[in-house]
Every structure is written in C-alpha cells, then in structure tokens.
Amino acid sequence: MITIKDIFEQLHGHFSKVNQDLLIRACDFCTRAHYNQNTADGRDYLQYSLEIASILIRLKVDETTLVVGILHNSLSSGLVTKEEIVDEFGLEILSLIEIGNKISSIPYRQSNQQQVESFRKMFVAMARDLRVILVYLAVRLSDMRNIGSRQVQDQISCSRETLEIYAPLANRLGISWLKGELEDLSLQVLEPEKYKALAQRITAHKKERGEYVATVRETICNMLDKNGLDGDVTGRFKHFYSVYRKMERTGVGLDQIYDLMAFRVLVDSVRECYEVLGLVHANWKPIPGRFKDYIAMPKSNLYQSLHTTVIGPYAERMEVQIRTREMHRIAEEGVAAHWKYKEGGAVAVTGRDDQRFNWLRQVLEWQRDVSTEWSATDTSFIDLFPEEVYVFTPNGDVKELPQGSCPVDFAYAVHTDVGEQCVGARINGKLCPIKTHLKNGDIVEVLTSAHQTPSKDWLSFVKTSKARNKIRSWVKAEQREKSIEIGRELLEKELRKHQYSLRRAMSLVGFTQMVSELGFKSAEDIFAAIGYGKLSAGQVVSHALPKGEQKRQPEKSGPLGKVLNRFTRRKSQSAILIGGIDNVMVRFANCCNPLPGEPVTGFITRGRGLAVHAKNCSQVLASDPERRIDVEWDMQRKTTRPVKIQIICSDQKGMLVGISGAIADADANIVSASVHARGDKKGTNLFEIDVENLEHLNRVIREIKKVKGVIRVERIQN
C-alpha cells in the first residue's frame with residue numbers, strides 16, 4: 001500500500017524542493033471527487049491515484065504532471081465540476097485532464113497492422129501535450145498490475161490493447177523498463193500457460209543470473225582497462241515477452257535462444273570495435289555461425305554493429321554487441337531505430353514519423369535532466385502529426401486523413417459508393433455539414449441517399465486525392481452524358497429539316513461509314529462531339545445522308561428575322577433541365593446572368609459546353625440559331641445564384657443599416673457591397689447578393705424599396 005509519505009520520499013530522490021501542499025490538496029480533492037467510489041477492479045481511488053503518481057515519479061515528471069495523474073479521472077465521478085478544478089488547480093490542469101479523458105474514450109478495436117499503427121499515431125496526435133502521454137502510460141501500467149480482479153474478457157481486451165498500443169509507444173519514447181513490464185503483464189494474460197512455463201525456466205536462478213550479469217560486465221570492463229580502451233558496458237537479461245516472441249517467430253526452443261543474456265560495449269572508433277571483438281573472442285570461445293559483422297556490411301536501414309555469441313562463464317551462452325557511440329545513436333534514434341525492427345516491418349513508417357518520435361524522446365530526456373520543476377514550456381506542447389487527422393468509423397476502424405479533411409473525404413475513404421451518395425454526417429453524434437473540418441478522435445457516421453450524386457462544388461473543399469479523383473471521374477462521366485443528350489437533340493433537329501428521323505438516319509449505311517470517316521468509334525461519340533461543340537450537326541448530316549435527299553438550306557434571315565424566329569419557335573418537349581450551379585458542361589453567361597425562373601435558352605459554344613442565356617439576351621439573339629437548344633430550369637433543385645443590384649438613395653445616417661437589414665429580412669445573403677456618396681446628397685450602393693430565383697430577387701427589391709430614403713433599385717447585368 002502506497003501512502004502520500006512514500007510519494008514524498010520518492011520525490012526527494014529526484015527534486016531538491018517539492019511542493020507538498022499542492023500534492024496534499026490534489027489527494028484531498030481526489031478523495032472528495034470519488035467519495036464512496038472504487039475503481040473498476042475494486043481499488044480505492046486514492047490508492048489507485050498514488051500508484052499512478054509513484055510510476056510517474058520513476059519517469060521523473062514535474063509536479064503538474066503528478067497532479068494530473070492523481071486527478072485524471074475526477075470529472076467522470078460527477079461529484080466535482082470543471083470550475084472547481086480551475087479554482088483549486090488552474091486552467092492548465094483542467095486542460096490536461098480533459099485531453100486525457102478524450103483519449104481514454106477512444107474506442108479501440110483490434111484490426112490489421114495498418115489500423116493499429118494509425119491508432120498509435122492518433123493517440124499521440126490527440127494527446128498533443130507530452131505529459132498527457134506519460135500520465136496514460138502510467139495509468140495503463142497501474143491497470144495491468146491489478147488486472148487479475150477484472151472479468152476474463154476485459155482482461156484479454158485490455159492486454160491486447162496494451163500490447164498493440166501502449167507498449168510500442170513506451171518503446172518509441174525510449175522507456176524500455178515500462179515497455180518490458182507492459183509486455184510481460186500482457187503476455188501473462190494472453191498466453192498464461194506459455195508465460196508460466198517461461199517464468200519457471202528463466203527465473204529458476206534469477207538471483208544467480210543477476211550476479212552473473214554483474215560478473216561478466218566487470219570482466220569486460222577490466223579487459224578494456226588493461227588494454228587502454230575507454231568503453232561503456234551494459235548488460236541485461238531478456239524479458240519474458242521478448243523470449244516468447246523470438247521463440248514464436250523463429251520456431252525454436254528456449255535452449256536455442258542465444259541472447260537470453262546480452263552485453264553491449266560502446267567505444268569511440270571502428271578500430272576499437274574490432275579490437276574489443278578480438279579481446280572477447282580471446283577470452284571466451286565464440287559459437288560458430290553466430291558472428292555477424294554489420295559494420296563492414298551494414299543492414300539496409302544503415303544499422304551497424306558487431307554481434308557475436310560466445311560461451312561465457314559457467315558455459316552460459318551470451319551475446320555481445322560492439323559498436324561505436326555514433327553507431328549506437330543512429331541505431332537508437334536514426335533510420336535504424338530499435339522499435340522499427342522489433343515491432344515488425346509490416347507497416348512502413350516514414351522518415352517524417354521517425355523524426356517526430358525522436359524529437360519526442362529528446363523532450364522526455366530534457367524533462368528528466370532538469371532538477372527543478374519542469375514548467376509548461378513550448379516543448380511540452382506537441383503536435384507530432386500536424387499534416388494528418390485520425391478519425392473513427394462507428395465500428396471503431398481508424399481512418400488516417402490529411403489535415404482539413406471533411407466528411408466527404410471520410411466517406412470516400414470508407415468506400416466510393418458511400419462517398420458518391422454522401423448527403424451529410426454525424427460527428428460525435430451531432431449532425432454537421434459536409435464541409436466540416438474533422439478533428440483527431442472524431443467518430444464519423446456518414447449519411448447517404450440513393451438520390452445523391454457528387455457535385456463539382458465538392459472539389460473546392462475535399463482534401464484527399466481519392467475523393468478528388470473520384471469526383472472528377474464522376475463529373476467527367478456526367479459531362480459526357482450531358483453532351484450526348486445535347487448532341488442527340490441538335491442532330492435530331494438538323495435531320496428534321498431533311499425529313500429524316502434520327503432512327504432512320506442511323507439505319508443508313510452512310511451513317512455507319514460517316515462515324516468511321518470522321519474518326520469516331522460509335523454514334524454516341526458523334527453525339528458527344530456535337531454536344532461539346534467540336535462538331536456541327538450540319539457536318540454529320542452532309543456525310544450521313546445521300547446527296548439527293550439533302551434539302552437545300554433556307555437563306556439566313558437578318559437580325560429582325562432572327563428575333564421573330566426566336567420568339568415564334570416551339571419549345572422542344574425534350575428541353576434539358578438545368579440547376580442553378582455552374583458545372584463542367586453547363587455554365588451561365590455573364591452577359592445576362594440568368595436567374596432560376598427567368599425564360600432561358602442554351603447556346604452550344606465551341607469547346608466550352610452549353611452556355612445558358614436569358615431568352616431575350618441580345619448577344620444570343622444575334623448568334624447562330626442553329627447552335628441554340630431548349631433548356632428549362634430544374635425548379636425542384638434548391639440552389640442560389642449571385643446577382644448584382646444598384647440602389648440609389650439619400651445620403652443620410654442609417655441608410656446602409658436599413659438596406660442591409662431589408663436584404664436580410666428577405667432571406668438573402670450579401671456577398672459584397674460597394675458604397676459611394678455623390679455630390680448631390682445622394683448615394684450609390686452596389687450589392688452582390690445570393691438569391692434562389694427571380695421571385696426571390698423581386699422580393700428582395702420590394703423589401704429594399706420599403707426603406708425610407710431609397711429612391712431607386714435596379715438589377716445590374718454584367
């Protein structure tokens with residue numbers, strides 16, 4: 001049982017001055033926050049918190065981190081409030097506790113190796129502050145030490161999560177003792193029989209083996225001193241999980257594990273490495289086939305070291321690794337970092353990730369080096385993965401997306417069909433727009449509709465290449481379908497002048513020959529080319545129909561005749577429906593800027609698709625009538641279009657407020673505004689607003705005219 005007195009004694013070994021009052025207040029607050037409550041495994045909450053504090057002291061953390069460790073679960077009890085924590089300990093403590101609570105609520109589900117790696121990275125990205133990571137590593141170690149009192153299934157899931165998430169994080173931070181203990185405790189739960197067998201064999205002579213390590217280390221140090229070599233010698237006995245994993249990976253028995261005991265010698269130069277190797281082989285007999293020279297022939301990841309296995313004192317096999325201090329630094333921190341090959345090579349970890357974890361390890365070392373309280377400097381606040389965001393599916397799968405991604409990116413990451421039918425999303429249970437930026441740890445549920453299709457507008461806010469490429473592909477396919485529809489109607493219109501239907505024309509031998517002669521593969525390609533404006537309907541007719549059946553074209557009428565012709569033309573029954581948003585195939589002419597509800601006509605441009613004009617637009621009336629096509633507004637589709645209005649008013653106080661208020665009252669959005677005072681005590685105001693249709697614009701104008709001082713309101717065409 002750990003007491004607050006024990007905590008103070010531990011602290012005095014690390015800090016010359018300890019704020020005992022702060023820790024006592026934290027313990028009292030913990031007792032109040034968890035009054036008459038126990039942990040899930042039945043422990044008293046204060047005792048549980050002191051165990052965590054004891055582990056954190058071994059990690060040489062500051063007093064702030066100790067307080068967070070003691071209070072990390074206080075808010076979950078419901079007996080204390082955030083305001084009370086702030087009043088007692090400050091905003092920083094509350095912030096760290098809240099970050100930790102969010103991490104602890106992450107739903108973890110075992111999946112493939114890539115999912116596990118993404119989960120680890122998300123854990124670090126969400127924590128942001130190094131102290132939160134250390135607290136939750138300590139919490140997990142305390143939980144694993146007392147896991148025996150939990151339900152069996154809970155023990156298994158917790159141990160698996162520890163093995164896949166927490167132990168690798170401890171390893172990457174260079175906290176080898178914590179990693180080793182977490183792995184051994186997890187193995188004890190997941191493989192109890194194998195753990196028991198290993199423990200019996202390995203610990204049978206634990207005391208003797210500890211003395212053995214000390215003896216061999218002293219022997220090597222003496223060898224170095226006698227030969228004038230300056231080296232650092234360390235020795236260790238392999239922990240249970242490492243032995244188990246090596247046996248499972250290689251398929252060998254315990255008797256064939258040659259590095260149960262291993263020693264590492266660090267010297268200054270390559271020459272000294274080989275000199276030490278000669279001394280070791282001269283003193284102990286090497287085992288044939290167990291020598292590896294990774295200095296002369298480095299591994300592909302640049303790892304360099306000499307490895308040899310020898311028969312040591314009392315005929316015990318032991319491994320000796322010899323390298324320079326620079327080689328050791330590269331092995332521990334560089335591209336050959338130990339955690340990369342120990343955790344397996346199934347997942348590619350980028351050099352960028354390498355640098356981030358290395359930097360995080362340095363921050364941890366800086367923390368350990370200070371003898372006074374470690375203040376919350378910039379180094380404690382981290383953002384290891386600023387370019388990525390890690391979010392969950394409702395089933396617990398992790399999706400790694402670029403920073404700034406939205407639910408549409410997430411939907412495409414799940415499946416293309418889900419992305420194409422995305423109409424909205426629930427983020428952490430709340431309905432959100434599809435443009436919402438996702439944050440680390442968000443649980444995202446995509447809402448779909450069978451009637452939804454991708455929009456070109458999505459390209460303005462999606463971040464992932466998959467989403468962008470899929471949207472572009474869909475738009476391109478939709479563009480082709482639209483152009484085929486337009487081209488078919490234009491060709492039908494042209495054929496009617498020659499008393500031919502499209503079906504009859506396509507049955508002619510000349511039509512098939514025409515497709516080939518013009519370099520196309522099918523009739524649909526011909527229609528698409530006409531719709532794109534790359535080919536005229538007249539060219540197709542001249543190639544497809546027999547010369548004797550082609551009717552002579554009437555002379556083109558003058559401008560007045562064109563106007564009369566335009567207003568007397570019958571509307572096609574197959575007029576193309578258009579929405580209110582520009583897309584690749586359909587665009588709205590700037591000369592007249594038509595609004596939904598206004599009579600419109602389409603004009604096939606050359607290479608730029610279909611331009612939609614107001615029906616009375618002078619520019620389209622003066623154009624080639626053969627390239628016009630009937631179009632209609634799709635009034636079922638709710639969209640907005642920009643329109644400019646000019647307002648002439650009196651130059652007096654409050655006019656701008658009144659006008660903008662009138663626009664807002666009419667449910668219109670102001671995009672931009674330009675205000676000028678004239679010399680005649682009048683003002684000219686130019687507004688660009690978004691309206692749904694012509695009727696909406698008229699309503700806006702009526703509201704503006706009601707404002708006292710407004711003289712005239714008119715729509716401005718570009």
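Gly419 lies in helix H19, which covers residues 416-420. The model shown here is a predicted one. Gly419 is buried, with a relative accessible area of 0%. Leaving aside residues up to four places away in sequence, Gly419 touches Ala411, Tyr412 and Trp458. Another residue to look at from this point is Thr453: Gly419 and Thr453 are 34 residues apart in sequence, and their C-alpha atoms are 8.9 Å apart in space.

The chain has 718 residues, and 48% of them count as buried. Its secondary structure consists of 28 helices and 20 strands. Among contacts between residues at least 6 apart in sequence, 68% join residues at least 24 apart.

On the H8 side, the contact is made by Tyr136, Leu137, Arg140 and Met144. These meet Cys158, Ser159, Glu161, Thr162, Tyr166 and Ala170 in H9. By class, the residues of this contact divide into six nonpolar, two polar and two charged.

The second pair is formed by helix H20 (residues 465-496) and helix H23 (residues 523-532). How are these two helices placed relative to each other? They pack at an angle of about 90°, with their axes 6 Å apart. Angles from 65 to 115 degrees count as roughly perpendicular, and H20 and H23 are therefore roughly perpendicular to each other. H20 contributes Gln479, Arg480, Ser483, Ile484, Ile486, Gly487, Arg488, Leu490 and Leu491 to the contact. From H23 come Glu524, Asp525, Phe527, Ala528, Ile530, Gly531 and Tyr532. The contact of H20 with H23 has eight nonpolar, four polar and four charged residues.

H9 also takes part in another packing arrangement, with helix H13. In H13 (residues 240-250), the buried residues are Phe240, Tyr241, Ser242, Val243, Tyr244 and Lys246. Against which helices do the buried residues of H13 pack? They pack against H9, helix H10 (176-190) and helix H11 (192-202). Just after H13 comes Gly251, which takes a positive phi of about 70°.

Farther along the chain is a sheet. Strands of a sheet pair through backbone hydrogen bonds, either parallel or antiparallel. Here four strands form an open sheet in the order S18-S19-S17-S20, and the pairing is antiparallel. Strand S18 (669-677) and strand S20 (710-716) stand at the edges, each with a single partner strand, so one side of each has no neighbour in the sheet. From one strand to the next, the twist averages 20°. Strand S17 (residues 641-650) is joined to S20 by six bridges, and these two strands run antiparallel.

Helix H27 (residues 655-665) lies across S17, S18, strand S19 (682-691) and S20. H27 runs at about 20° to S19.

The last topic is backbone geometry in two loops. Most residues other than glycine have a negative phi, and most peptide bonds are trans. Lys681 has a positive phi of about 60° although it is not a glycine. Lys681 lies in the loop between S18 and S19. Is Lys681 buried or exposed? Lys681 is exposed, with a relative accessible area of 69%. Asn36 also has a positive phi of about 60° and is not a glycine. Asn36 lies in the loop between helix H2 (20-33) and helix H3 (45-58). Asn36 is exposed, with a relative accessible area of 69%.

Notes:
Residues are numbered from 1 along each chain as its sequence is written. This is a predicted model: local features need pLDDT of at least 70, side-chain atom pairs count only at pLDDT 80 or more; totals for chains, interfaces and linings use all residues. Side-chain values use heavy atoms; hydrogens and water are left out. Contact means heavy atoms within 4.5 Å. Ala, Val, Leu, Ile, Met, Phe, Trp, Tyr, Cys and Pro count as nonpolar, Asp, Glu, Lys and Arg as charged, and the others, Gly among them, as polar. Two strands pair if DSSP finds at least two bridges between them. Axes are lines fitted to C-alpha atoms, for helices over the stretch in contact, and angles run from 0 to 180 degrees between N-to-C directions. Buried means under 20% relative accessible area, exposed over 50%, partly exposed in between (1.4 Å probe, protein chains only). Angles under 35 degrees count as roughly parallel, over 145 as roughly antiparallel, 65 to 115 as roughly perpendicular and the rest as oblique.
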